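Please consult the sequence and the structure alongside the text.

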Amino acid sequence: IASIPPPSPTSCSPTHGLDLSSATATQSSTDHGGVPSRPIASANPSSYYYSGTCSHTSGTDDSPWWSVDLGDSYAVSKVRVLNRGDCCGELLNGFSVLVGDVVCASDVQISQGESKDVACVGTGSSVTISLPGSGTALTLCEVKVLQGLYLLQQHPHRHHTHFILHRLAAAHAAAQHASTSAAVSAPPAV
């Protein structure tokens, strides 16, 4: 039986961000006090490094990376990245995004101080941002992982499109149920 390629997915509204404020982030190294939790910990991210919301790796890493553990497997539609705005913004050009171990976006271009929603459709329990090569630091001022519904281009083999839509709908429903269950079982705020 010939393998049928999947239809091209694109993300669409509505999307919502996962709460990463208590998630665990790691990176290949840390320099200038730019710990990996900074880009996910702030409700008010800033592209100005000294505002305290940007991570920073050493400029000597081979293929520097930053990663966040989502705590569970999620269907991801986009990853929002805020680039440093007060200097050095060109250093982030060419970054890749992985959901789990699968690259979903590569050679992403971003301007200094730009906030960019990177289309990145995948399912996994981690999101990683990496830069190819060596001799450059990886600095991120915000990372937000967005979930959403997916639109699929019609595939010539209708049953295949239906199967993919069913799997995406099931993944979305499971993620919605998990977030609703967590909200219901959370203790009341004091």
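Predicted model: local features only at pLDDT ≥ 70, side-chain atom pairs only at ≥ 80, totals over all residues.

**Architecture**

The protein chain contains 2 helices and 7 strands. Read from the N terminus, the order of the elements is β-β-α-β-β-β-β-β-α. Of the 190 residues in the protein chain, 39% are buried. The accessible surface of the protein chain amounts to about 10100 Å², and carbon and sulfur atoms account for 54% of it. When contacts between residues at least 6 apart in sequence are considered, 75% of them join residues at least 24 apart.

**The hairpin of β4 and β5**

Strand β4 spans residues 95–99 and strand β5 spans residues 102–108; the two pair in the antiparallel sense over 4 bridges. They form a hairpin with 2 residues between them. V99 stands opposite V102 of β5, and G100, in the turn, has a positive phi of about 65°.

**Disulfides**

With bonded cysteines counted along the chain, the disulfides of the protein chain follow the pattern 1-6, 2-3, 4-5. The sulfur separations are listed below.

| Disulfide | S to S distance |
|---|---|
| C54 and C141 | 2.0 Å |
| C87 and C88 | 2.1 Å |
| C104 and C120 | 1.6 Å |

The link of C54 and C141 is right-handed, with 100° about the S-S bond. C54 is buried, at a relative accessible area of 0%, and C141 is likewise buried, at 0% relative accessibility.

In the disulfide of C87 and C88, the torsion about the S-S bond is about -55°, so this disulfide is left-handed. C87 counts as partly exposed at 26% relative accessibility, and C88 is also partly exposed, with a relative accessible area of 31%.

The remaining pair to be described is the disulfide that joins C104 to C120. This pair links distant parts of the chain, with C104 in strand β5 and C120 in strand β6, 16 residues apart. Is each of these two cysteines buried or partly exposed? C104 counts as partly exposed at 22% relative accessibility, whereas C120 is buried, with a relative accessible area of 0%. Strand β5 thus holds C104 and also pairs with β4.

Definitions and conventions
Residues numbered from 1 in each chain as written. Heavy atoms only, no water. Pairing = 2+ DSSP bridges. Buried < 20%, exposed > 50% of the residue type's maximum accessible area, 1.4 Å probe, protein only. Contact = heavy atoms within 4.5 Å. Areas by Shrake-Rupley, 256 points an atom, 1.4 Å probe, with all protein chains shown as cover. Disulfide = S-S within 2.5 Å.
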